[in-house]
Amino acid sequence: DSGSSGSSPSSDSSSDFDSEEEDCRLVERTAEDSLADELETVSAGSVWTFRYDFEEGDRIIISARMVEGARPAVEVENPSGATIADIGPSENIQRTIIASETGRYFIQFENEAILTSGQWDVQIDWERDYEEEVCN
């Protein structure tokens, strides 16, 4: 029973509103997209690079799983050229990074092994929060 706690949307109505005015409010939403979902064999000493433009505050969700062979390492560089994540080598990498500035980011999956190639399952997702006006 929700009772009359004041948290119910119907408790927001007021007799001061004209009946022809719309009742509008801001609602938090999240936009999301899968930017990459790939299975790739990366030879020893090679780098597999992705480039994406992000806005400040965007969430970059990175996952890399070793299927066989060498383990992946991940490095993320921001638009200013600074390394903001250096994760490495691991059989299973899961990391969420918040974009600190707007611009192009470089996400590199590196095979640091000298002789062994690696097959990796890589996924890069993107999320952005925004507000949307909703009217009844």
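Reader: Is Trp48 buried or exposed?

Author: This is a predicted model, in which local features need pLDDT of at least 70, side-chain atom pairs count only at pLDDT 80 or more, and totals for chains, interfaces and linings use all residues. Residues are numbered from 1 along each chain as its sequence is written, and side-chain values use heavy atoms, with hydrogens and water left out. A residue is buried under 20% relative accessible area, exposed over 50% and partly exposed in between (1.4 Å probe, protein chains only). Because its relative accessible area is 14%, Trp48 is buried.

Reader: How many aromatic pairs are there?

Author: Rings of Phe, Tyr and Trp (its six-membered ring) pair if their centres lie within 6.5 Å; planes under 30 degrees apart are stacked, over 60 edge-to-face and the rest tilted. By this rule, the number of aromatic pairs is 6.

Reader: Why is the pair of Trp48 and Phe109 given its class, and what is that class?

Author: A pair of aromatic rings is described by the distance of the centres and the angle of the planes. The ring centres of Trp48 and Phe109 are 6.1 Å apart. Because their planes stand at 50°, the pair is tilted.

Reader: How many residues apart in sequence are the parts that Trp48 and Phe109 tie together?

Author: Strands (E, at least two residues) and helices (H or I, at least four) are DSSP runs numbered from the N terminus. Trp48 lies in strand E2 (residues 47–54) and Phe109 in strand E7 (residues 103–110). The pair therefore joins parts whose separation in sequence is 61 residues.

Reader: What kind of aromatic pair do Phe50 and Phe109 form?

Author: Phe50 and Phe109 are both buried. Their rings are 5.7 Å apart, centre to centre, with 90° between the planes, and the pair is edge-to-face.

Reader: How many salt bridges does the whole structure have?

Author: A salt bridge is a side-chain nitrogen of Lys or Arg within 4 Å of a carboxyl oxygen of Asp or Glu. For the whole structure, the count is 7.

Reader: Which residue forms a salt bridge with Glu55?

Author: The closest N and O atoms of this pair are 3.7 Å apart. Glu55 lies in the loop between E2 and strand E3 (59–69) and its partner in strand E8 (residues 118–135), so the bridge ties together parts that are 73 residues apart in sequence. The partner is Arg128.

Reader: Which residue meets Glu127 in a salt bridge?

Author: The N to O distance is 2.9 Å. Glu127 lies in strand E8 and the partner in strand E3, so the pair ties together parts that are 68 residues apart in sequence. The partner is Arg59.
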